[in-house]
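Look at the model below with its charged side chains in view.

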Amino acid sequence: MSRSGTRPSNSQPQAGVLAVIWRRDRVLLVKRRRSPHANYWGFPGGAVEPGEPFREAARREVREETGIQARPEEPITALDLIQPDEENGPGYHYVLIAVRLTYLQGRIEPGDDAVEADWFSPVALPEPLCPEVSHMVRDSRPTG
């Protein structure tokens, strides 16, 4: 999402980020306030602003949605979020870059696009989940 909370209305793909943060054996998830996937649980994230590096966008989105301070690391994967419009046209298309971040400090205080936020065990994830979340939790879990 852009800072104004609106979705892009053209058919050009828009860049977005998903912030994947583990703290000990728990992953940070937020319950989304707005579409797409309002009231579903997923990773903090949103649109990359013009001129903003994707790692910085991930850091910003985590801070805005949860109050958590985190250091961005490497990208994990990229995926498409495509929602057709009523006439089955392109509607909107996000190319989402999932970025691993390292927790630095802070207590969770949901804000911006988050209704709720919390740390979850991968064996007790909340429902409903945004698409791709369960397998990304499984695939991103730190080893060791």
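Glu-52 and Arg-60 are both buried, where buried means under 20% relative accessible area, exposed means over 50%, and partly exposed lies in between (1.4 Å probe, protein chains only). The side chains of Glu-52 and Arg-60 form a salt bridge, with N and O 2.7 Å apart. A salt bridge here is a side-chain nitrogen of Lys or Arg within 4 Å of a carboxyl oxygen of Asp or Glu. This is a predicted model, in which local features need pLDDT of at least 70, side-chain atom pairs count only at pLDDT 80 or more, and totals for chains, interfaces and linings use all residues. Residues are numbered from 1 along each chain as its sequence is written, and side-chain values use heavy atoms, with hydrogens and water left out.

The whole structure holds 10 salt bridges. One of them joins Arg-59 to Glu-56, at 3.0 Å from N to O. These two residues are three apart in helix α1 (residues 54-66), so about one helical turn separates them. Helices (H or I, at least four residues) and strands (E, at least two) are DSSP runs, numbered from the N terminus. Arg-59 is partly exposed at 29% relative accessible area, and Glu-56 is partly exposed at 31%.

Another salt bridge links Glu-73 and Arg-71, whose closest N and O atoms are 2.8 Å apart. Glu-73 is partly exposed, at 24%, and Arg-71 is also partly exposed, at 39%. Salt bridges with shared partners connect Glu-52, Arg-60, Glu-61 and Glu-64 in one network.

Now turn to the strands, which count as paired if DSSP finds at least two bridges between them. Strand β6 (residues 92-105) runs parallel to strand β1 (residues 14-23), with nine bridges between them. Gly-16 lies opposite Leu-96 of β6. Strand β5 (residues 69-83) is antiparallel to β6, and 12 bridges join the two. Here Asp-80 has Val-95 in β6 as its bridge partner.

What lies in the largest nonpolar core? It has 20 residues, and those touching the most other members are Val-27, Leu-29, Phe-43, Leu-125, Val-133, Met-136 and Val-137. A nonpolar core is a set of buried Ala, Val, Leu, Ile, Met, Phe, Trp, Tyr and Cys residues joined through side-chain atoms within 4.5 Å. The largest share of this core, four residues, comes from β6. Met-136 is in contact (heavy atoms within 4.5 Å) with residues including Leu-18, Phe-43 and Ala-98, leaving aside those up to four places away in sequence. A second, separate core has 13 residues, among them Ile-21, Ala-57, Ile-68 and Leu-101.
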